[in-house]
Every structure is written in C-alpha cells, then in structure tokens.
Amino acid sequence: MRGPLAHPVVPAMVTRAEAFDDLVLDIAHRYRPVLGRRWAQVEFAVEEVPPTGPAVWEDGIPLARLWPAEGRLPARIVVYRRPILTAARGLDHAVVVHDVIVEQIALLLGVDPHEIDPGRH
C-alpha cells in the first residue's frame with residue numbers, strides 16, 4: 001500500500017500558490033514600520049489574475065491593484081500571482097513581488113517608492 005511522500009504538516013506539501021501567498025505576506029510585513037498605525041487599516045491579498053482587463057490608465061496587465069479605504073472598509077492591496085510570475089520569467093519572482101508591494105504602499109501613502117525603500121532598483 002502506498003502513502004503520501006510527506007505528511008500535510010511537512011513543508012513539501014505547500015503548494016506554489018501557498019508559497020506565493022506567504023512570500024507576499026513576508027514582504028508586506030517588512031514594511032509594517034513604514035505604515036505605522038495604518039498597518040491595521042490595510043489588507044494584503046493575492047488573487048490568481050485580475051478580475052477585469054486593464055483600466056484605461058493601466059499599461060498592460062496589472063501586477064497589483066490598490067483600493068483605498070472606503071467607509072469602514074480598509075485599504076486593500078491585491079497582488080496578482082500569474083501576471084507576476086509571467087513578468088518575472090527568468091528573474092527571481094520575489095524581486096518582482098517586492099517591487100510591486102513597494103509601489104503599492106507608496107501609492108497608498110502618496111509618496112515616491114524610493115521613500116519607502118531607498119535601495120529599490
């Protein structure tokens with residue numbers, strides 16, 4: 001009788017999508033001090049693809065989108081996994097995720113991305 005190669009709690013059972021989700025959260029947590037008190041009012045999420053095509057002001061397929069806080073809803077930064085993986089072909093996708101998150105936080109705060117991460121390329 002054959003069984004699984006690893007038990008569900010072993011990291012070998014983490015899917016690529018779950019690993020990507022963890023990467024987004026890890027990078028977002030690096031910028032918690034930048035957001036300060038706003039951290040509690042920002043949600044980070046991952047979706048496979050954007051729910052709609054690019055808006056007229058977007059250049060190509062979006063890698064992420066920012067929804068500002070509205071009423072009781074917190075601000076939301078949504079990162080799109082498949083467009084990022086496509087854009088990162090040949091590169092470390094963690095670098096692309098990092099740049100996308102920095103850009104979205106800068107957009108949320110209304111500052112230049114270099115103010116969020118001075119070492120950004």
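Of the 121 residues of the chain, 34% count as buried, which is to say under 20% relative accessible area, with exposed meaning over 50% and partly exposed in between (1.4 Å probe, protein chains only). The model is a predicted one, in which local features need pLDDT of at least 70 and side-chain atom pairs count only at pLDDT 80 or more, while totals for chains, interfaces and linings use all residues. Residues are numbered from 1 along each chain as its sequence is written, and side-chain values use heavy atoms, with hydrogens and water left out.

**The whole chain**

Begin with a cartoon of the chain, where five helices and three strands can be picked out, taken as DSSP runs numbered from the N terminus (helices H or I, at least four residues; strands E, at least two). Read from the N terminus, the elements follow the order α-α-β-β-β-α-α-α. Among contacts (heavy atoms within 4.5 Å) with a separation of 6 or more, 53% are between residues 24 or more positions apart. If you then switch to a surface, the chain exposes about 8,400 Å² (Shrake-Rupley method, 1.4 Å probe), and carbon and sulfur atoms supply 56% of that area.

**Helices H1 and H4**

Next select residues 16-30, helix H1, together with residues 93-109, helix H4: their axes, lines fitted to C-alpha atoms over the stretch in contact, come within 10 Å and cross at roughly 50°. Show side chains here, and Phe-20, Leu-23, Val-24, Ile-27, Ala-28 and Arg-30 of H1 are found meeting His-93, Ala-94, Val-97, His-98 and Ile-101 of H4. The residues of this contact of H1 with H4 divide into eight nonpolar, two polar and one charged.

**Val-79**

Move on to strand E3, residues 75-80, and select Val-79 within it. Val-79 is buried, with a relative accessible area of 0%. Leaving aside neighbours within four places in sequence, Val-79 is in contact with Phe-20, Val-24, Ala-45, Val-46, Glu-47, Leu-63, Ala-64, Ile-84 and Ile-101. A C-alpha to C-alpha distance drawn from Val-79 to Val-24 comes to 7.9 Å, although the two are 55 residues apart in sequence.

**Ala-40**

Finally, select Ala-40, in the loop between helix H2 (32-35) and strand E1 (42-47). Ala-40 is exposed, with a relative accessible area of 68%. From Ala-40 to Ala-75 the C-alpha atoms are 9.6 Å apart in space, and the residues are 35 apart in sequence.

Key: Axes are lines fitted to C-alpha atoms, for helices over the stretch in contact, and angles run from 0 to 180 degrees between N-to-C directions. Ala, Val, Leu, Ile, Met, Phe, Trp, Tyr, Cys and Pro count as nonpolar, Asp, Glu, Lys and Arg as charged, and the others, Gly among them, as polar.
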